[in-house]
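Welcome! Take a moment to look over the sequence and the fold, and then we can walk through a few side chains together.

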Amino acid sequence: MYNAAYLNELKASTPSARPTLSAEDTVSYDADVSMDVDSATQLSALTGIDPEAEAAIPSASSILAAKQKRERLRSTKASGGEDYISLSLTKTDDYSKGPHPTSRLVREEDELGEADDEFAEYTSAQERIALGKKSRKKEAQKRREEMNEMIVDAEEEDEETREWEQAQLRRGGLQPEAAEAAPKPVYKPAPIPALTPIPTMGAAVARLTQSMSELTTSHAEHSAAMSKLGEEQRLLEQREKEMREMIAKAEEKRSWFTAFREWVESVATFLDEKFPQLEKLEDEHISIIKERADMIARRRKAEDEDDLALFFGMPPQLQPAPDEVDDLGRTVPSANPTASRADRSSARSARRLRRRAANQQKQQEDEGFSTDASLPPSDADDYRAAMGRLVADAQAIMADVQADEFRDPSVGLARWFGEWRTKFDDIYRGAWGGLGMVSAWEFWVRLEILGWNPLERPRSLDSFRWYAALYKYSRPVSDADAEDEDEPELGPDGDLVSAMISTALIPRFCRLIESGALDPYSATDIRRLVDLTEQVEASVERQSLKFEMLLKSVYVVFSTAVAATEATLAPFLELNQPRFDPAAIPARRRFLARRFKLLRTLLQWRRYAGEKYGLGMLATRLVAQSMLPVAETGWEVGGEEVMRKVAQTLPTELMPQALQGLLRA
């Protein structure tokens, strides 16, 4: 029988686990593939021969058996059989050798048992070598991700797997030290919650009231936020609408200004072609007027020299030159001064008769006043023919123009600039569009007044087409003023008629006056000049620079006439050799009458222009240096009478001291 002591002894002597292996024995090996025989015991187990036993001599029967075995093996080899024992369970003949069994080339699909595709994941058969920079970078990133996954998988070992591994290590005797046993879980009972008091009615009402107030406040905030968002949406929609309108207006502005620019370029091309023709005709008009004025001035100077020679004598520089002789010794015919004076006298008498018949004036009033700007019939016909050709050439400038907007500026310029002012008023004002239109309209204004001499053919400025068109453009009619019968007010451009007069008309008038259109001896010209200047003054301020230019031009004409009189009289006063000639008395009276007429026109202009540029001093200079010396040579025979008329006409402040002394004496 087994007692307790025997059982304990048996239990103590029986090992409960595999003994611990040494360092050499712990090296793992594969018994299936290891072919080494490391010990004599293993060798004896394999060969059946004990290495420690003594060598024995085989018997005759064993030797015979060995010879029979070798003979049998030779016969087997000779008959084609295998001379080895195959480890494979099947023979090569059992496999299919393919469609060409005699060929040494074996197709990949004929090889069986390779399992490259099946185990490609473990044999790296599908791996590719990365060559490019991007592919190498991508391959390295893929390897890092796989390593991270393996690390994560290694770290995510659960408790059961770890316990199983430890058990296997302990069972195999590979655990060097016994691991500490995991502590057994201790039962802990679940805590019992404390008693919850039953809520009272007041606390519940208070809590509901607080929740209700919070909900009310939240609702009010949400309502205010919704209202604010609604207002913002309305503002955004309004802003979107405004932006769309702005875009539409901008597109309209762009398209309109593109068309306007093209039209302005066409107008500029038109003016570049027509302006030189207009300026050429204006220069031709100036040359015609200057030629006419030079003819009158030469005739007037010749008549003055004839009259002065009768009572002062002929100066040496005015004596007829000796007869000239050509290379053959023949006398070159020259003008006969005596005959020329007779012709001028007869022509003067004929003009007096024509003027007396036309004006029905008395002879005594006509004496000395027949030298106004009148030409002989032949010269007058030539002058009229030249002016007719000028007007025809002016009309020919626009003969090749068919478009109405280029023929009539009120159709082209006024329409385009009017649209500009109506649609884009701020840009129009900033660009001074009105003055730009005046500059472009100047061509048609100058073309319309080409050939017009305001002192020869007086005409009101408002009778021209350009005046009416600019006057209407300067006063745009709005819908509110359409029913009003009063004159519309000036637009933002101001009075463009005034700008046109300052730009185009005053420079033209100044050039005409200085070229000889104004005869300083003609009272008619001065009266017409005063009327013209008053019309200009109605549109242009008197203190403006342009108006001053007009007054300066008139002063230059009078100053030139006085200087010409002094230059004509100077050689005769230096000679001063009076002689008895019955014709000297009327000659002196004619000379003084012409100077008196110049004085009257000068004073007539002075009454309008005032003491501008020294007009009074010019009148005093004319009386003191041109009239008084001549009157003193024949004081008793008409000189005193003329000078008394001068004293009555001349203002007291302009009276020379010498004349006052002679009249008092």
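## A threonine in a helix

The side chain of Thr 533 reaches the backbone oxygen of Leu 529 at 2.6 Å. Thr 533 sits in helix α17, residues 523-539. With 1% relative accessibility, Thr 533 counts as buried (under 20% relative accessible area; exposed is over 50% and partly exposed in between, with a 1.4 Å probe and protein chains only). Leaving aside residues up to four places away in sequence, Thr 533 touches Phe 547, Leu 550, Trp 605 and Tyr 608, where contact means heavy atoms within 4.5 Å.

## About the model

This is a predicted model, in which local features need pLDDT of at least 70 and side-chain atom pairs count only at pLDDT 80 or more, while totals for chains, interfaces and linings use all residues. Residues are numbered from 1 along each chain as its sequence is written, and side-chain values use heavy atoms, leaving out hydrogens and water.

## Salt bridges

The structure holds 25 salt bridges, each a side-chain nitrogen of Lys or Arg within 4 Å of a carboxyl oxygen of Asp or Glu. One of them joins Glu 442 and Arg 446, with the closest N and O atoms 3.2 Å apart. Glu 442 is buried at 14% relative accessibility, and Arg 446 is buried at 16%.

Another salt bridge pairs Glu 653 with Arg 606 at 3.8 Å between the closest N and O atoms. This pair links distant parts of the chain, 47 residues apart. Glu 653 is exposed at 58% relative accessibility, whereas Arg 606 is buried at 19%. Elsewhere, a network of salt bridges links Asp 304, Asp 307, Arg 590, Arg 594 and Arg 595.

Terms used: Helices (H or I, at least four residues) and strands (E, at least two) are DSSP runs, numbered from the N terminus. A polar contact is a pair of N or O atoms within 3.5 Å; within protein, one must be able to donate a hydrogen and the other to accept it, and residues adjacent in sequence count only if both atoms are side-chain atoms.
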